[in-house]
Amino acid sequence: MKFWASTAFMHSDELIDLSRLLDEAGYHGVTVSDHVCYPRELKSPYPYSPHEDGRPIWEPEVSWPDTWVMIGAMIGATKNLHFSNSVYIAGNRPLLVVAKQVGTAAVLSRNRVEFGVGAGWMREEFDLNGQDWDNRGKRLNEMIRALRELLKPGWVEWHGDYYDIPSMMLGPAPTAPVPIYCGGHSDAALKRAARDCDGWIGNAYPWDQAVHYIGKLKGYLRDFGRENDPFEIIIGFYAQPSLDLYRRAADELGVTGTLCKPWAGIQSAPGQSAEIYRDSINRFADEIVSPLR
């Protein structure tokens, strides 16, 4: 089982030191979430909202650091920790920009980057970035395939329905393929993961919901003839962490990685040292991560 520490909703200035603590304790990786802004006039409903009006579960003031700046900084602070997005709204950016960001991070980390993508839910961000909202899913499907070509060494090109890239050099190029995971649990997202990706990053779920979504995912993998391919399944659980929980998730559901927050319940403030998390990180590593590594 691979343990990915989720940094969503945390303060940006504590994440570099947090990554050092996770690296020293032997966690597999850390995930960084993506938003450009929180518009004052936000009409798009958040798909995971428990509220009737569909508003997000975080306040407008919550920090959302640029994913690739933050990953780059954490790369320099660590030796073994892997990095992914949960998830990056790739279709909200130009294709070549995304390829350059991912390729550079993969090279600097010596292949410790695993790219998590999603179609996105906030129309306002797409409009502000000048990206087409209505075809974002189809563009993302093509973008995933294009990125596999554009992240290769040497001369690269892509010619598709939405992107037309002439032959060019686009280094630095990773020395190994960057795994691409799809986030989201809509039918479209699960199909995208099963058809085009190396894995799926879900949300955190109660056990029965995890069974439901993973069952659908495996059905799509069979439909696309990929049921025997190597494939990552990364989700969190709304349950008390335990060895039995994660062993059951691996054995019964085929979960290969889990999203975790060992410091859940600890209150932090901007400018506060990440040292307040050390004991929780190390205790979780000793009791859960190490026995299941």
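Which strand gives the most to the lining of the largest pocket? β8 does, with 5 residues. Strands here are DSSP runs of E, at least two residues long, and helices are runs of H or I, at least four long, both numbered from the N terminus.

This is a predicted model: local features need pLDDT of at least 70, side-chain atom pairs count only at pLDDT 80 or more, and totals for chains, interfaces and linings use all residues. Residues are numbered from 1 along each chain as its sequence is written, and side-chain values use heavy atoms, with hydrogens and water left out.

**The pocket**

The largest pocket holds about 1,400 Å³ of space. A pocket is an open set of points on a 1 Å grid over the protein atoms alone, where a 1.4 Å probe fits, with protein on both sides within 12 Å along at least five of seven lines. Lining residues have an atom within 4 Å of a point. The volume is the space filled by probe spheres set on the points.

The lining counts 50 residues. Nearest the centre of the pocket lie Tyr-46, Tyr-48, Gly-202, Asn-203 and Ala-204. Elements giving two or more residues include α5 (136-150), α7 (207-223) and β9 (232-237). By class, the lining has 29 nonpolar, 17 polar and 4 charged residues. Asp, Glu, Lys and Arg count as charged; Ala, Val, Leu, Ile, Met, Phe, Trp, Tyr, Cys and Pro as nonpolar; the others, Gly among them, as polar.

**The barrel and the hairpin**

8 strands close into a barrel, in the order β1-β2-β3-β4-β7-β8-β9-β10, with parallel pairing. Neighbouring strands are turned by 25° against each other on average, direction ignored. Two strands pair if DSSP finds at least two bridges between them.

| Strands | Bridges | Sense |
|---|---|---|
| β7 and β8 | 3 bridges | parallel |
| β9 and β10 | 2 bridges | parallel |
| β5 and β6 | 4 bridges | antiparallel |

In β8, Ile-201 is the bridge partner of Gly-183. Ile-234 stands opposite Gly-257 in β10. β5 and β6 form a hairpin with 4 residues between them. Trp-158 stands opposite Ile-165 in β6.

**Burial**

The buried residues of α6 include Leu-190, Arg-192 and Asp-196. Among the elements covering the buried residues of α6 are α5, β8 and α7.

Notes:
Axes are lines fitted to C-alpha atoms, for helices over the stretch in contact, and angles run from 0 to 180 degrees between N-to-C directions. Buried means under 20% relative accessible area, exposed over 50%, partly exposed in between (1.4 Å probe, protein chains only). Contact means heavy atoms within 4.5 Å.
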